[in-house]
Amino acid sequence: MSEKLKVGVLISGRGSNLQALMTACAAPDFPAEVVLVLSNRADAGGLEYAAAAGIATKVINHKDFDNREAFDDAMHNVLTKSQVEFICLAGFMRL
């Protein structure tokens, strides 16, 4: 089997969509794996699910940036460093 597609999941909330993605990725024949869960909110419940599953997590608070471009650049840098190949928006509220 070829290497799995590395997925970054962006969340803002409790993580119900994230849980469904993690369940799908747990199947041995599923072609993708979640390698990073990124949130703009430190209190997003989905971060706990990811950490419990051994998936890397990162919080980037959008309020820490002067503008949208700086926030987007920070997210891009984290996703790139994690070698994410595919981004899934799972309830991410900062579009």
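Modeller: Helices (H or I, at least four residues) and strands (E, at least two) are DSSP runs, numbered from the N terminus. Ser 39 has its place in strand β2, which covers residues 32-39. This is a predicted model, in which local features need pLDDT of at least 70 and side-chain atom pairs count only at pLDDT 80 or more, while totals for chains, interfaces and linings use all residues. Residues are numbered from 1 along each chain as its sequence is written, and side-chain values use heavy atoms, with hydrogens and water left out.

Biologist: What is the mean pLDDT of the chain?

Modeller: pLDDT is the predictor's confidence in each residue, from 0 to 100. The chain has a mean of 94, and 97% of its residues reach 70 or more.

Biologist: Why does Ser 39 count as buried?

Modeller: Buried means under 20% relative accessible area, exposed over 50%, and partly exposed in between (1.4 Å probe, protein chains only). Ser 39 has a relative accessibility of 2%, and therefore counts as buried.

Biologist: Which residues are in contact with Ser 39, leaving aside its neighbours within four places in sequence?

Modeller: Contact means heavy atoms within 4.5 Å. With those neighbours left aside, the residues in contact with Ser 39 include Ile 11, Ala 44, Leu 47 and Val 59.

Biologist: How do you know that the structure has zero disulfides?

Modeller: A disulfide is a pair of cysteine sulfur atoms within 2.5 Å. For Cys 25, the closest cysteine sulfur is that of Cys 88, and it is 8.9 Å away, so the two are too far apart for a bond. A search of the whole structure accordingly finds zero disulfides. Both cysteines are buried: Cys 25 has a relative accessible area of 15%, and Cys 88 one of 17%.

Biologist: What makes β2 and β3 a pair of strands?

Modeller: Two strands pair if DSSP finds at least two bridges between them. Four bridges join β2 to β3, and these strands run parallel. Val 37 stands opposite Thr 57 in β3.

Biologist: In what order do the four strands form the open sheet, and why is one side of β3 and β4 left without a neighbour?

Modeller: The order is β3-β2-β1-β4, with parallel pairing. β3 and β4 (86-89) stand at the edges and have a single partner strand each, so one side of each has no neighbour in the sheet.
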